[in-house]
Every structure is written in structure tokens, then in C-alpha cells.
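Please examine the sequence and the structure shown below. A short report follows on selected features of the assembly.

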Amino acid sequence: MSPARLLVRAIVVSDGRSARLRDVLDAIAEQTLRPDILHVALPEGAERPEAPDGLAVDWRDGSRTYSEGIDAVLAAHPAHPAELLWLLHDDTAPLPSALAQLVATAKKRTAAAVVAPAHVRWDDVSRLVSLGVTTTRVGARRIDLVDEDDINQGQYDEREDVLAASLAGALVRRDVWEELGGLEPAYRGYGDSLHFCRRAWRAGHDVVIVPVAKVRHAQDGLTGVRSGSSRGRNSSYGLRRTGEWVHALAWAPALAVPFLIVWSFLSAATRAVLRIAQNESRMVGADLGVPWRLLARLPRVPGMRGRIRRGSTRPASAVAPFLVGTRAVLSTVRSRELRAYDRWRAQSAPSDVVRGELADAALRRRGAAALVAVLAVAASIALHGTWFTALVSGRMLTGSALGVTDVPLDEMWERTWSGWSATGFGLPALDGAFSALLLPAAAAPGGLRVWVGLLLALGVALAAVSAWFALGAATRSVWARGLGALAYGLWPLHLQAISDGRVGPVIAHVMLPWFAMGLVRAAGWHRGEAVGGGEEFPARRLPSPSAAMGAAFSLAVIVAAAPVLLPPLVAVVLVAGAFAGRARWRVWTAAIPALVVSGPGLVAAWAAGPLTRDAWAILARENGPALASGVVEPWRLVLGLTDHSRGAPGLPELPGTLVVGAIGLGVVAAVILAVASGRAPWAVAAGLLVAALGVGTAAAAQATVVVHADGAGEAAANGFAGPGSTLVAAGLIGAAAAASSRLWLAGEGRRRSAIRLAASVAVTLMAGVLVASVVVEAWPGRAERGDVHPASTEALPLVATLEQRLATHQRVLVLTDTDKGVDFTVLDGDGTTVVTGRAQTAADGAPLARPGSTPATPASLAPTVATLAGAASGADEQLAAWGIGVIVATPGSDMIASSLSQLPELRLIGASDVGTSYRVARPGSDAIVSRAWVEGDAGEVTVLDSDSWSGSVDGAGGGTLVIAAAADEGWTASADGVALSPVDDALGRAAFGVPAGADEVGYRYEDEAYRWWWWGAVVLVAWAMIGMVPLHDRRYRAVRS
Amino acid sequence: MIRRLVVLGAATVAVLAVVAAGRIAPQEPVAAAPYDGEVTPAAQPVACPGPVEIPVGDIDSGDPDLGSGSDERTYQELGDGTEPVGAGFLAAGDAAASVERIGSGDVAGLSAATCVAPVRDQWLVGGSTALGSSARLVLTNPSDASTEATVTLYGGLGELEERAVVSIAPGGQQDLLLESVVAEVPALAVRVVATGAGVVAHLQDSRLDGFQPAGTDWVGRGAAPAARLVVPGVGAPEDSTTTLRLMAPDGATVNLTLAGDDGLVEWGGVSGLVLEPGVVTEVEVPTIASGAVEIRADAPVVAAAMRSVPRPVVDGPADAVERDLTWLPAQDVSDRTARSAMVTDHVVAVTVHATVAGEFTLTDASGAVVASQQMAARSTATIPLDAAAGTLLTGTARFTWSLALEDEPGFVSTLVPRRTDVESTPVTVGLRPYLGPGS
């Protein structure tokens, strides 16, 4: 078919929402070869722009979609032989010679069904937008054959046959258009060109690109201009991505379709995670929506496949050479990343001089960082060197506040997952943040024993290194950073927290610098590297979304470890956000994970009456190890002192305080200098305000009783001043460091010399103070600050811990002789465990999760223990009722051991140097003592297999299901799938009536509110963790149509 | 300028925060109160030590005057459901006793022992390890579990460093010669602390004066340390001597008074007696026909009296005397519980002390009144008693009394009644975390 004269019917379809229609018409009018007929399809009622002079326009009221507009025109005008359709959008303006060149090619390439032009940018015709597209063999990824914004230097002019090209501005043979049935509606406008072209190839036609023919394309639909979206290309991402998957489904072998659908879900999930890492949170929904959109379009796929099958004359292998493989995809992705990197580098490329200075600074910085790390580790070893050897030799750290630290992973997991605290007879927990926080440590090789041990032993070093990195945002002076970092690491209240085994405040002290750094970088307030005569590099620091996520994650960790810091730090985030300008939302989001992690506490505080002391006690609660401590004056808190620091060895009150508080005094002196100097005023003011918040928090915390006796052996304690004092340290040291920035270059002439001399003296003094402090703290004769010490991991005899681990999950009663009687505790694990986190009770003993309730606690066993102490019979009934199967008399407790020996109902099962163990038998039954059992009406007992919060058994029979744990509304039980109703139990245990003949009986603890908060916290913290990965935020390459 | 103000403003806020923070009133953490309970141990059988042993062994020299042993030994065990334990016996009833008469040899005399139930902590005031004296501690464990007894000794110089720890098997008996623990202590007080259900302790005090026996008797369990004690039955013939032995574990100032049948008797120089902690002090008691020593102290003390009765030597040097002795443990007057004792052979009288005026009666198991006497406050009485051996006597509460035993030719002994109720002991139960051995 080579008619001398081709008929070109130009069709411009507009949805009436583009302002460029007039320009398009002008461009058509300026064509060297005008189309023979021009139709413009507009929606009904749309405003018609004035047609250019001399251009005959056939106005048509069509439908809104592109495809329908064309169909309406074609329906009204019968086909001519050799008719070509020139399909134009209302945002595609052909350059004057475009049509002539397209027609020339169409004449030459008689087999071509589609002759497409190159797309160039609307505003810059030298930049390419599209020059043909292809797809992968699977078809679910569209590959552009040119890079967007590539400069057109004629390098692609040789290109002819392509798999596909955008139909916008292309000439399409009308007979082929009608043969193929026009555009495929399932694509909703994105990907239909590719589909059409691919079908054309299969139907025996060619698709040709004409690189010299250029069409300006504004991509209004793609960039969201049409829909009025402010999100640019992202607004059409979901539709584009769905189009790609529809293409894959349409062209893949039939058997592969189900796999592709599954794959689409996996791909969406992976991309969603990547989106979070890129901090494109709004795109997460778009990506996650893609497979669902795909499912919605699934009904159209069989029809598409049928049309492809019927219309194809060439085999599928005919287009195979056009499709690209994995390697090409990878190289496309890589070149995209490299281009983005190149652009970034080109924008911020330093000069060679600056580059040299940066290299010098980096060398200095790395050397100083290494030195600080070495010194901090040396200080840790000097203070607690014996802990390292103990940890290596398999022992654990323990202490009256810390409890045992060799807690197995499953115990940590059960605590955080179930929301049931197994301490004592169990209590509903307010939150599971603390055990979740330590869960990774329990899961890591070595377990909680090693990692909690290292956290405490290296507490000084970790805090110093954290502070080193954070102080880099305040000053680039390695001296100020180093001294500030060591002062922060050796802060006396931090040392106290380490020696007391207060894991939470130690974690908070280590994490606070990271939070501060994240917040400062999120707002773009950090310092650049000092270069030249006082400039910074880069000159303008950009706010970092990843840093905001890092701050969010750090804050979540901090409030899980030390909830008392939530109010002051949220206040800091709010104020910082208010000053952060355009980054304010990023900064404010840093508080969200922490607020959700603390959600249950906030709700409980609100319920306790906001702005009351009770509410404050809940906000200031301590999740982990806690200990009563002496209340000290606020000025001591500013110096980081505790009541333990009232004297150094051989020194009376005031000189002793001065020696121990020397670091604090040095820091305060530095801040006074900073205020007087007037340098870095905003940073200094912010630091002072943070310190003021810290003093208030510390004083309010220590004045409040935050841990109440819970009836399971825990002593009441007031709040620890440490977390507040951490804020003081961070604020003061940060302020001093910020003011020291570029001090070396301050002033001129003699003044500069004087400043440098004074700075050198101050640095030397502070270094001396730090060294002296370590020496004073590590002085051999000095009393230990706390009672953390290494101990064997075996707290209970093996026979006792084995019984705890079996499916019967027995409790162990531990008895110790005292001068006046006996002490006891009821254990669920190998020793008193605090690091799983406290259930949190109010002053009246009610759990905060269940205000007003009065759960049974081990305190109710005191008379039973007295009975045992008197060697009187009858104790076994109470003990078995609470699932206590083993009694252990601790080493040296001969009085109680001999009392137990006299009781015929107890059986000696072992004596070792960790205690003497006796087995408790269940009175009136042969069944072993257990955590839960079904008691038949005739007294027969069926034991359930249990863990700390759930259990089940087959073949139970009817009667009463008794769970040897405090009754709570969270307990649910079922028999053969039917929920059981609770019955009252005289002892306050959870009990359920089991119908006769029941077979499968199970129970579990379910707290819906806890579960919601738990998942909310997990999702947000995971989000923050992925988001804080510093991936560069690069725009996804658009798929254009 | 604004920058300057910002910094100064922030500094002011910081200083104000420090000042304001000092005004927050601190709350005190409330410690959970420990549980104070009373435990009533299961009733345990009473136990007696058995016959006395001759400290040097039964040496037969061929001459009955020179031999340590004796051919005239009568030993009587009285009690319900007795069964042997070691050399001694257990009895199931409320009271049981043993009495032994040895006519000659080193341990000649009457030795009576009241059987008692095991306790964890008991004091025996009496005994001596001076030259010629032997103190044999007999520990009997009537319970079904083994027990470990720690024996602490107190002498004239206070608590002694030497201690002994004795394990006693269930239903077993162990002897401990105190002279093997510490010798040359003329005045002893013994504390026995045992584990489990406790132990029954008796101390055989045997003395020789050269070749002549100076007396043998069982030292029974005295009252636990208390501020008010009474030692009844200190009355004795003219030539006998009575010595009161006192010890205050934590030191005390003691006032002693002597009560006779007609009220208080003059006893000079014993008011405001200061007892150093742990130091055993002996005080001579004036000779009186019938009387009791009242002890009032400002801190807990333990006490007992020893009565030593001389008799002419039958066959020996003209100026030599033989003696017999009896130990009278102090009794607590404040508990106001009735006490019971088992009558044995040789019981001749009951010696009573009344703290308040009233009628004292002794009844037997059937409730029949065996003896009765109207008494004035702070007076004593010696009531002759004629009851068959094996009679269980119960005295009126609030009176302290003991049974006096006598036999020719000057043998004496004493049976002290015991409380028959099961005493409950206070125990403090606390909840405390446990972190492992040594934590």
C-alpha cells in the first residue's frame, strides 16, 4: 500500500482541564504540513478556545476519556483508504516540521502501523521526555529507552523500530486502529500505548519512532496537573504502576497469571518498605494499593487476552528481541541512581581547596573519635573492669534493683506479647515497652545476660561515644566534642544509674544524644565542617527526613526506657518544630512513635485525673529496675550528684561534694562563659531551657513515689533523678559546645591570642578534672555507689528451674531465714526478674491497667509461709492452689529447711549449694501441681499444658478450669471452641466453668486495648527504624503515557 | 540585642527552675509491712534424758566405798505411752518424769528430771566444768526430722567463744560433755538453739568434793529470758546452802527479793544488782525454811537456784561431808497458764509461791483436789503431799510451784511442772526478692 496521497486526520482530545489547548492548536496551525482534517473533541460545556487564523477546526462534544473522544470522531467519519490518524492530547504541541517528518516516514515504512515522534519537554525542546519504550519479559516493568531530561544531541537519530512509543502525537493507521479496536480501557490511560503497539507488532505491523520529529509534551495528566493534585508525578503513580501489572497479566502465559498476582503483592510490600526508608510516607499507600487496584481490573484481563490471541498473526517470539532482561533492568536502575548522585554532586561540589580542608578535618575527626572511644572504654574498664571478666566467665550481673539478668528469650517475649506480667501471681501489664526494648538483646547471641551486662559495664563508653556524635552537630572543634562527650559519659548520676543497675536510665542516657542529633539535623540546624576563614561546608544545611525518623526512633526508645522523659522531650520536639520552618512537620512527627509507645501510660494518667500528682506518678513511672533513693537539692541535680556523692574518701562534706561534682562544676562554668560570651545565642538559650526542663523533671520525679509495693516483693521507690539529670547534662554540655564552635578563629590580633590561650587552659583544666573524676570514682577504698555485682546465673536449684520450664509451669516458693522469722518470694523464673518490665500498680495496689481492682498477690501467702515456718501442716493446700510445686530453702536457711523436713506432705527432692528443694504434692489428688487444671466434680484433676499466659489440654472433662493466676477480665477460656464463662474463686484466681464432656479446653490472656497499643507501637517504631536509614530521597522515574 | 536578651532570659529561666524545683515537697515511699504471725507447731511428745551417768565411768575397785559406781540404783520412768529413745524415753501424755536414787558412789543422790517437749531455743542455767565437776548435756530429738543444735555457753566472763554444734537424728539422743567444750568454768549457763521442731535438752550436773560425792541432779529447762521470774522452793534446812545463778543476755539491772511463808524476808545488798551482758553471776540466798526468790529486772534475764544439802559421811574422814544438790530453774510468772507435773517416788511436798493472793489447789487427772492452801500475796508455802507415783498433778494458774523430793540420808531433788499447752511462737514473714545464693 503506497498511495501517493495519505489522508491525515488530526484528532485533539481534551478533557477541558488543560490550559494548553490553545498552544496545541497554534502548533498545529504552524505545521509545515498541515493535517487534512482537524477534530477537537471537548467535553460538553467546556470552553472552546479561539482557533488560530486559517485553521479549520471541527469542534466536537465528546466524552472525557481520550479513547472515547477518538471513537466518537471516528464513528462520525467513515474511513478513507490510506487514512492516518494523528492523535494529539491537549498538552502535546508538535514542532512545526513534526507532521511532515512523520508522514515522510509513514510513506517510507509502509508496514508501520504506528509512526511516533520523539517527546521533548514543553519548556525546553532540547531535553528528551520519551523516545520509545519497551518492557521486561515478564512485562511488569516499563523501561524507557531514553533517560528523562537527557539532552537531545541527535544521538538517537538512528533509532527506528521500537517495541512501543507513546501514541501522543503519533500517526496511527486508521485500519489498524479499527482492527485492534482502539485503546484498551483496562489501562485507564497509563500503559495503553505500550499495549497497542505490542498488539500491532503481533498483528503483523511495525512500530516506528522518528527521532527528528518532536512533540512538546507537558505531561499534565502524569504530573497531576489535570487532577489538581499538588503531589506532582506521585499523584498518578498508583495508576501507572497498576497499568504495568495489567500489561504483565495480559501478555504473560496463562499459567503464570496467578503467580504474577501473588508477585504483585510481594512487590508492593517490598516497595512500601523502600518507600518508608526513603521517607516518602505518602507513597506507601500508593504502593500498597497497587495489587488491590490490579485485582479490581482482573475481570477485564480474560477479554484482553482473548483479543490478543485472536488478533495475533506473528508469534510471541517476534517481539522477544525488543524485550529486556534482568541485566538491562538492573543497569537502568543503576544508571538512574548514578545520574541522581551525579546531579547531587554537581550541585554541591566543593572546590579542590575546600576538598583538601575537608580531608584534613576528616582525618582530625576520625583520630579524635578513636581517642575518645579508647579513653571512654578505658574509663569503663577502670570503673567496672571486674564485670567484663565475670561476663566472659559466664556469670551475670545482678543487684537488688536489677534482679537477675539471665532471662531467657521466651520469658521476655511472653511478657511483651501477652501483656500479662508473670511476676508473683501475675498482673495485667500497662504496657510491654520495656521487655520489647530488651527483646533484641535477649535474642542476640549471648542473651540478655551478656548484653545487659555489657550495657552497664560499657555504659560510660557508650554514652561518651553517643555524645561525641551528637556534639558534632553543635561544634566542629574536636577538643570541645571530646571533652563534652567524656563529661557526658562520666556524668555522676549516670555512674550512679550504672552501679544501681537502673537499666532504663542508662539506656536513656545513651540514647538521648542520638535523639538530640536527629532533632537538630531534622531541622537543618547542625553545623557544617569549618573550612577557610570561618565558612562552613556545606554552606546551607538541608533538613534531613531520615534524621527526623532517627530522632523519632531514639525518642521511642528513650520513653520506653525512662517514661519520665516523655513530657519534657515532647515539649522540646513541639518547640523545636515551631522554630523549624518548612521542616516543622518532619520535626513534629518525631514525637509520634514515642507518644504511641507511651499511649497506655498517657491514657492511665488521664484517667487518674490530669494535672494531679497521681497522673504525674504514672507519667514518671519506672518500667525497669527501680530503687528508693535519697532526695537531694536541685543544685546537686545540676551537678549530677546523688545523695551517695555527699563525700569522697577521707574528705568531709563540702570538699567531697566539690571533688565528686567537679565535672558538673566544670560544665556549669563553661555554660556561664557561654552565656557571658553571647556566642551561638539560640543554641545556648535552647540548651539552658532544656537543662531547666531537666532540673524540673528530676526534682519532680525524685519527690514522687512512682513504684508502689506490688505484693510480689517489690519495694516502693521514689522516682530516679537520673533521666532528668541526663537532660541537664545534655542541655548544658550542648550549650557549652555550641558556644565553643569556631572559637579558635574568634577575635583578631591580641584578642585572638588571648582567647586561644584561655581556651587551651580551659581544655587542659577540664581534661584534668575528667581524669581526676575517674580516679576518684575508681579509688580502691571508695564505697561502691550501688550493689550491682557479678553472680552465678544459677539462682535456684536445677530441680526447681526444671519444674518452672516444664509444661506444668509450676511456681517456686523461695524461703530464707531471717532473725525474726522468714522471708519468702514466689518465682516464675530463675530468680527475681525485673528486666521484663513492671506491670505498674497504683498506690492502692490496683494495676494501672485495671484501676480499682484488687488482684490476689503473693502477700496473701504470708500466713501459709508462717505455717511452714512453724512446721505445721496444712500449707500444701494453699501452695498447690497457686501452682507452687517446689519450695526452695536458700543456702544457710537451716531453720526453715528443718521445718520443711518435718512436714510429711513435702518431699525432699534435692539439696545443693544453691538451696534445698522440696516438692509440694496436690492434696487429695495424684495429679502433679500445675499452673492450670480442670477440677472435676468428683475431685479428679486434669492438668493443662501452660506457659505464663495460655494453656490447653485434650480430654479435659467437665468441672472447673482453675488458672493459678490472679483473676482478671483479660482471661478467656474455651472448651471445644465455645467460650467459657468465668466463675468466682475464693482465692481470687481465674476460674471458668467447664461443661461436662468437654474435650479440648484452652485458656489465654487477651487484653484488646493492650494489643492495639502494642501493634501501633510496633508499626510506628518499625516505620521509624526503616525511615531512619539514610537513603537519598530520589523521585521515582515517571512512567509516561 | 534580642539575641542577648534570649540568652539572658533562658539563663534566668534555668536559675528559676533550680530555685522552684527545690520547693517540691517530697513523698516518702511506704514500705510494705511484714506479716507478723503466730505459728503453733504440731504437738510433740515429751522426752526425758534417762539415767544419770557416772562421769568417770563405773569403776569397780572391789571396795564399795572407793568405787565410783553403786549397787543401790533405782530408776523410775513415769508417763503415758512411754517408748525408749536412746537411753531416755518419750511419753505421749501431758507430763512425764523420771527419778533415780543412787545410794552410793560418785553420783549418789536423788536425780529427778521433768520430761519436756522440744523447742528451738532453750536456756539451761546450771552446771559447772570446774575441777571435780561434770556437765553432761543430753540432747533428745523426739521429732521425725533430724535437727541440728547449736550449743552456746556462758560463764563468769561472759559468752564463751567455744561452741558446739550437734546433729541429732530423728528419734535420737546425743550426749555432749561440756567440759570437753570448755573446761574450768565453775558457773555455766547453756543456750541450745536447734533447727526444725527443736530439741529437748537436759544437763546432768555431777560434782565431787575430793573423794566425796557433792551431789548430782538434772538441770531442767528454765524460763526463756524474761523480766519477771520466780524460783520457788528455795527453802532448806539450816546447814544447806542455796545459790542463785543469774545471766542477762543483753545486760540488765536486777532486784531480788526473798519471799517466805509469812511474806517478804529481809535480804540485804541485792537491790540494783547489775548484770553485765552474757556474764553469769551467782548470789548466795539466805537460808530459809520455806521460800522463793522473786526476780525483777529491767531487761530479760535467765536464772536458776541450786540447793546443796550436806549429810554426814557414813564411812570416811571425820570432817568430811557428802552433799546432794538440786537445781531449781526459774519460772515465768507472767504467762498465767496452768502447769502440770508427774508425781514420782520420793515426792514429799509441793513448794508454792503466790504472786497475788488466792487459793492454790493441786488436782489430779480426775479433777480431785490433792492439796489446797489459801495464800497471801508474795508469800510461799510448803504443803506436804501424799500422792501415789504416776499421779498427774495440775496446779492453779498464776502460782509457781515445784515438787520437792527427799529421801534418806539427805538426798534431795526437784520436779518442775511444765506448761501443757502447745506454745505458739511469733514469726515475722516478709516478702523479699531473691537473686540467688549470697545475694
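## Basis of the report

The structure is a predicted model.

## Contact between chains A and B

In the interface, 71 residues of chain A are in contact with 47 residues of chain B. Several elements of chain A each supply at least two residues of the side that touches chain B: helices H25 (634-638), H28 (681-702), H32 (862-869) and H34 (894-902), together with strands S18 (717-718), S20 (811-817) and S21 (821-827). H28(A) provides the largest share of this side, 12 residues. By class, the side of chain A that touches chain B comprises 42 nonpolar, 23 polar and 6 charged residues.

Strand pairing also links the two chains. S21(A) is joined by 4 bridges to strand S34 (residues 425-431) of chain B, and the two strands run parallel. Within this pair, Gly821(A) stands opposite Thr428(B) in S34(B).

## A four-stranded sheet in chain B

Chain B contains an open sheet of 4 strands in the order S12-S9-S14-S15, with antiparallel pairing. Its edge strands are S12 (172-177) and S15 (212-219) of chain B, each of which pairs on one side only. From one strand to the next, the twist averages 15°.

Strand S9 (residues 133-141) of chain B pairs with S12(B) in the antiparallel sense over 6 bridges. Here Val138(B) stands opposite Asp175(B) in S12(B).

Helix H3 of chain A spans residues 98-108, and its buried residues are Ala98(A), Leu99(A), Gln101(A), Leu102(A), Val103(A), Thr105(A) and Ala106(A).

## Packing of helices H7 and H8 of chain A

Helix H7 (residues 257-277) and helix H8 (residues 281-297) of chain A pack at an angle of about 175°, their axes lying 8 Å apart. Angles over 145 degrees count as roughly antiparallel, and H7(A) and H8(A) are therefore roughly antiparallel to each other.

On the H7(A) side, the contact is made by Ile261(A), Ser264(A), Phe265(A), Ala268(A), Arg271(A), Ala272(A), Arg275(A) and Ile276(A). H8(A) contributes Ser281(A), Met283(A), Val284(A), Asp287(A), Leu288(A), Val290(A), Pro291(A) and Leu294(A). The contact of H7(A) with H8(A) has 11 nonpolar, 2 polar and 3 charged residues.

Key: Residues numbered from 1 in each chain as written. Chains lettered and ligands numbered in written order. Predicted model: local features only at pLDDT ≥ 70, side-chain atom pairs only at ≥ 80, totals over all residues. Contact = placed C-beta atoms within 7 Å. Nonpolar A, V, L, I, M, F, W, Y, C, P; charged D, E, K, R; others polar. Pairing = 2+ DSSP bridges. Axes fitted to C-alpha atoms, helices over the stretch in contact; angles between N-to-C directions. Buried ≥ 20, exposed ≤ 12 C-beta atoms within 10 Å, placed from the backbone. Parallel < 35°, antiparallel > 145°, perpendicular 65-115°, else oblique.
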